[in-house]
Amino acid sequence: MSRSLDDIRADLAGCRRCVLSETRTNLVFGVGNPHAEVMFIGEAPGRQEDLGAEPFIGAAGQYLNTLLALAGLKREEIYIANVLKCRPPENRDPRPEEIEVCTPFLREQVKAIAPEILVTLGNFATRFILKTDRGITGLRGQVHITGRFSVLPIFHPAAAIYDRNKGPIMEDDFRLLGRLITKRREERAAREGRIQS
Ligand code: SF4
């Protein structure tokens with residue numbers, strides 16, 4: 001039995017389960033359609049997100065919005081959350097003990113939303129969802145199946161802003177996401193058709 005997003009949010013309010021609580025401005029829970037077909041998972045809040053209490057509102061968020069259009073998606077259709085809900089100082093990498101204590105809440109968010117497709121942005125989200133040590137470079141560009149989810153690893157938009165060579169790769173991957181959405185919808189329609197006939 002999954003908890004509602006509101007219950008999970010209430011449980012996290014004022015969270016002091018790891019050291020990031022000492023330096024954050026705001027806890028960044030997640031935002032978007034609570035019944036999203038596609039859920040995006042990033043790494044951790046950056047400076048803008050820490051100040052605004054919302055994921056992907058800085059430059060990476062602007063870039064993400066333009067990429068979503070290539071997949072035929074609008075921002076309000078998706079849900080976005082991060083592996084960590086609080087900003088690591090100076091945007092350092094998440095530490096294993098922080099991931100361990102924070103990710104049960106991400107797992108609960110995924111259960112509550114029950115998306116069909118998970119898009120993992122960057123190494124930390126990809127490794128967590130696919131339970132792998134492999135890096136994003138070798139995993140992107142392919143759809144991975146884990147449990148009932150189709151998982152599409154994509155570079156983190158912030159990394160692509162710093163390395164413009166990644167731009168065309170990002171665009172290809174969002175077009176692939178668009179095709180994956182179409183395929184999953186067709187499969188669902190066929191299943192529902194079989195049930196009705
Ligand atoms: S990062 Fe997660 S576990 Fe750590 S204080 Fe924030 S909400 Fe709590």
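## Asp 11 and Arg 17

Asp 11 is partly exposed because its relative accessibility is 30%. Here buried means under 20% relative accessible area, exposed means over 50%, and partly exposed lies in between (1.4 Å probe, protein chains only). Asp 11 forms a salt bridge with Arg 17, and the closest N and O atoms are 3.3 Å apart. A salt bridge is a side-chain nitrogen of Lys or Arg within 4 Å of a carboxyl oxygen of Asp or Glu. Arg 17 has a relative accessibility of 38%, so Arg 17 also counts as partly exposed.

This is a predicted model: local features need pLDDT of at least 70, side-chain atom pairs count only at pLDDT 80 or more, and totals for chains, interfaces and linings use all residues. Residues are numbered from 1 along each chain as its sequence is written, and side-chain values use heavy atoms, with hydrogens and water left out.

## Around the ligand

Arg 17 is also one of the residues around the ligand. Others in this shell include Leu 12, Cys 15, Cys 18, Leu 20, Ser 21, Arg 24 and Leu 27. A residue is near a molecule or strand if one of its heavy atoms lies within 4 Å of it. By class, the shell has eight nonpolar, one polar and three charged residues. Ala, Val, Leu, Ile, Met, Phe, Trp, Tyr, Cys and Pro count as nonpolar; Asp, Glu, Lys and Arg count as charged; the others, Gly among them, count as polar.

The ligand takes up the space of the largest cavity. A cavity is a set of points, on a 1 Å grid over the protein atoms alone, where a 1.4 Å probe fits but cannot get out. A molecule sits in a cavity if more than half of its atoms lie within 2 Å of its grid points.

## The sheet

Six strands form an open sheet with mixed pairing, in the order β1-β3-β2-β4-β6-β5. β1 and β5 (144–146) stand at the edges with a single partner strand each, so one side of each has no neighbour in the sheet. Helices (H or I, at least four residues) and strands (E, at least two) are DSSP runs, numbered from the N terminus. Two strands pair if DSSP finds at least two bridges between them.

Strand β2 (residues 38–42) pairs in the parallel sense with β4 (residues 117–121) over four bridges. Val 38 stands opposite Ile 117 in β4, and Met 39 stands opposite Leu 118. β2 also pairs with β3 (residues 79–82) in the parallel sense, again over four bridges. Here Phe 40 stands opposite Ile 80, and Gly 42 stands opposite Asn 82. β1 (residues 31–32) runs antiparallel to β3, joined by two bridges. Gly 32 stands opposite Tyr 79 in β3.

## Buried strands

Five of the five residues of β2 are buried, so β2 is largely enclosed by the rest of the structure. Both faces are covered: Val 38, Phe 40 and Gly 42 lie on one side, Met 39 and Ile 41 on the other. In β3, Tyr 79 and Ala 81 point one way, Ile 80 and Asn 82 the other, and all are buried.

The structure holds 13 salt bridges. One of them joins the side chains of Arg 92 and Glu 98 (2.7 Å, N to O). Glu 98 is buried because its relative accessibility is 1%. Arg 92 is partly exposed, at 21%.

Arg 175 and Asp 172 also meet through their side chains in a salt bridge (3.5 Å, N to O). Both lie in helix α8 (residues 167–196), three residues apart, about one turn of the helix. Arg 175 is partly exposed, with a relative accessible area of 36%. Asp 172 is partly exposed as well, at 45%.

## Two positive phi values

Phe 56 is not a glycine, yet its phi is positive, about 55°. Phe 56 sits in the loop between α2 (47–52) and α3 (59–70). Its relative accessibility is 5%, so Phe 56 counts as buried.

Lys 131 has a positive phi too, near 50°. Lys 131 lies in the loop between α5 (123–130) and α6 (136–139). Lys 131 is exposed, with a relative accessible area of 69%.

How values were computed
On a 1 Å grid over the protein atoms alone, a cavity is a set of points where a 1.4 Å probe fits but cannot get out, and a pocket is an open set with protein on both sides within 12 Å along at least five of seven lines; lining residues have an atom within 4 Å of a point.
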